[in-house]
Amino acid sequence: MAENVWAYRAGVDYLAADLTGYAVEALDGSVGKVDKHSDEVTDAYLVVDTGVWILGKEVLLPAGLVTRIDHVAEKVYVDRTKEQIKAAPEFHRDEHLGNEDHRQALGSHYLSGMPFGVPPA
């Protein structure tokens, strides 16, 4: 993997504020709100509460999926579709946060079938 999906992209202003509570926007609509985030250099991620969208589950999104953050509107934009996010390996905070196998499975899922940083057509 040439790019690190677990690091924010250059130019994404992730340090300006606590992202907790920010809305998360996929390419095709809202996916939920940030419940927790990490801005560690090689282990950055968002835990997103999907509300009723995926039956109230949480999803883990690698920070490399973030294309921009609008601090005024309190929105985080990611370059994946709702379906790609929904199809990701199931996430359970107590079991998977910090789990290297789960992290690798997520990285493979989000990077499969498309180059890093290139949205689907």
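This briefing covers model confidence, the nonpolar core, ring interactions and selected loop residues.

The structure is a predicted model, in which local features need pLDDT of at least 70 and side-chain atom pairs count only at pLDDT 80 or more, whereas totals for chains, interfaces and linings use all residues. Residues are numbered from 1 along each chain as its sequence is written, and side-chain values use heavy atoms, with hydrogens and water left out.

**Confidence**

- The mean pLDDT of the chain is 84, and 87% of the residues score at least 70; pLDDT is the predictor's confidence in each residue, from 0 to 100.
- Residues 115-121 have a pLDDT below 50, and this stretch has 21 contacts in the model beyond near neighbours in sequence (contact: heavy atoms within 4.5 Å).
- Helices (H or I, at least four residues) and strands (E, at least two) are DSSP runs, numbered from the N terminus.

**Nonpolar core**

- The largest nonpolar core has 30 residues, of which Tyr-8, Leu-46 and Leu-61 touch the most other members. Such a core is a set of buried Ala, Val, Leu, Ile, Met, Phe, Trp, Tyr and Cys residues joined through side-chain atoms within 4.5 Å.
- Two or more residues of this core come from each of strand 1, strand 2 (29-40), strand 3 (43-49), strand 4 (58-62), strand 5, strand 6 and helix 3 (100-111).
- Strand 3 supplies the largest share of this core, five residues.
- Not counting residues up to four places away in sequence, Leu-46 touches several residues, including Tyr-8, Val-34, Leu-61 and Val-76.
- Tyr-8 is buried, with a relative accessible area of 11% (buried: under 20%; exposed: over 50%; partly exposed: in between; 1.4 Å probe, protein chains only).

**Ring interactions**

- The structure holds one aromatic pair. Tyr-8 and Tyr-14 form this stacked pair, at 4.1 Å centre to centre with 5° between the planes (centres of Phe, Tyr or six-membered Trp rings within 6.5 Å; planes under 30 degrees apart stacked, over 60 edge-to-face, the rest tilted).
- Arg-68 lies over the face of Tyr-77, at 3.9 Å from the ring centre (NZ of Lys or CZ of Arg within 6 Å of the ring centre and within 35 degrees of the ring normal).

**Selected residues**

- Glu-74, in the loop between strand 5 (66-70) and strand 6, has a positive phi near 55° and is partly exposed at 43% relative accessible area.
- Gly-11 is found in the segment before strand 1 (23-26) and is exposed, at 83% relative accessibility.
- The C-alpha atoms of Gly-11 and Arg-68 are separated by 8.1 Å, although these residues are 57 residues apart along the chain.
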